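The following exercises are to be worked with the sequence and the model at hand. Each task is followed by a stepwise solution.

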Amino acid sequence: MHTEPGAPPQRPYVLLSCAMSVDGCLDAPGPQRLILSGDADLDRVDEERAEADAIMVGAATIRRDNPRLLIRSAARRAARIARDLPEHPARVTLTASGDLDPGARFFAPAGAGAVVYCAAPEAPKLQIRLNELAQVIPVPPPVGLVAILTDLSRRGVHRLLVEGGALLGREFLAAGLVDELALAIAPFFVGAAAAPRFAGPAVYPHDPGRPMHLAEPDRGDRATDADGARGPQDRGDRDPGAGAIRGGP
């Protein structure tokens, strides 16, 4: 789905990618991860990662899911190297508390490395703890998305893939900072009130009077060109349908 074509020059083009249940749940409550994606959707996400300059997730997603955020396909990695790009895109997160484990897979040395935007009071301590595992960039609290996107653009990030979680996706969408939303829908309900959900209560720019528009509705289980969001992706043994929607900030 698309909001509006193109992105303002001061920030990257943002694709928000999310897999959910029919009732909009991004996961189930409890410690065990819910499987929402199948092989076809995971391959689609891998393709999107290969086309991105950076991949962003929230700090809570790192703590809960411990994602690698790496490109799985050897052919796609080789194609990036042939284009004189890092084997894997940069991995980006943001944190107000600085509560990040240096042993998380997010910080494993690979490709363009890891970048952490951290509230300024906590940034020096976090940089010491992470040492050379990541570059910690202090930002004045509250940690705002517009300032982060502007800084990423200055660092050469032209296309950003946002993969979750629920709070980060909602903030991007409510702020009108998403150029594409790609949704993969697993064919089942979760039905738990405590489950994290896609696009929780907020004021969004795309209300009934200003809807997004569907892009490539006949792509079946593969989606790019969507304006909105797609959430955590390393979750897969089912083949949901996926679509792309466009809207605009």
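A polar contact is a pair of N or O atoms within 3.5 Å; within protein, one must be able to donate a hydrogen and the other to accept it, and residues adjacent in sequence count only if both atoms are side-chain atoms. The model is predicted: local features need pLDDT of at least 70, side-chain atom pairs count only at pLDDT 80 or more, and totals for chains, interfaces and linings use all residues. Residues are numbered from 1 along each chain as its sequence is written, and side-chain values use heavy atoms, with hydrogens and water left out.

**Exercise 1.** Determine which backbone nitrogen the side chain of aspartate 46 reaches.

Step 1. Aspartate 46 counts as buried because its relative accessibility is 4%; buried means under 20% relative accessible area, exposed over 50%, and partly exposed in between (1.4 Å probe, protein chains only).

Step 2. The side chain of aspartate 46 reaches the backbone nitrogen of arginine 72 at 2.5 Å.

Step 3. Leaving aside neighbours within four places in sequence, aspartate 46 is in contact with Leu70, Ile71, Arg72, Ser73 and Arg76, where contact means heavy atoms within 4.5 Å.

**Exercise 2.** Describe how strand 3 (residues 54–57) is placed between its side chains and its pairing partners.

Step 1. Ala54 and Met56 point one way, Ile55 and Val57 the other way, and all are buried.

Step 2. Strand 3 pairs in the parallel sense with strand 4 (residues 90–95) over 3 bridges, two strands being paired if DSSP finds at least two bridges between them. Here methionine 56 stands opposite valine 92.

Step 3. Strand 3 also runs parallel to strand 7 (residues 159–164), joined by 4 bridges, and alanine 54 stands opposite leucine 160.

**Exercise 3.** Which element gives the largest share of the lining of the largest pocket?

Step 1. The largest pocket has a volume of about 510 Å³. On a 1 Å grid over the protein atoms alone, a pocket is an open set of points where a 1.4 Å probe fits, with protein on both sides within 12 Å along at least five of seven lines; lining residues have an atom within 4 Å of a point. Grid points are joined across faces, edges and corners, and a volume is the space filled by probe spheres set on the points.

Step 2. Of its 22 lining residues, Gly58, Ala59, Ala60, Leu167 and Leu168 are the closest to the centre.

Step 3. Helix 2 gives the largest share, 6 residues.

Methods: Helices (H or I, at least four residues) and strands (E, at least two) are DSSP runs, numbered from the N terminus.
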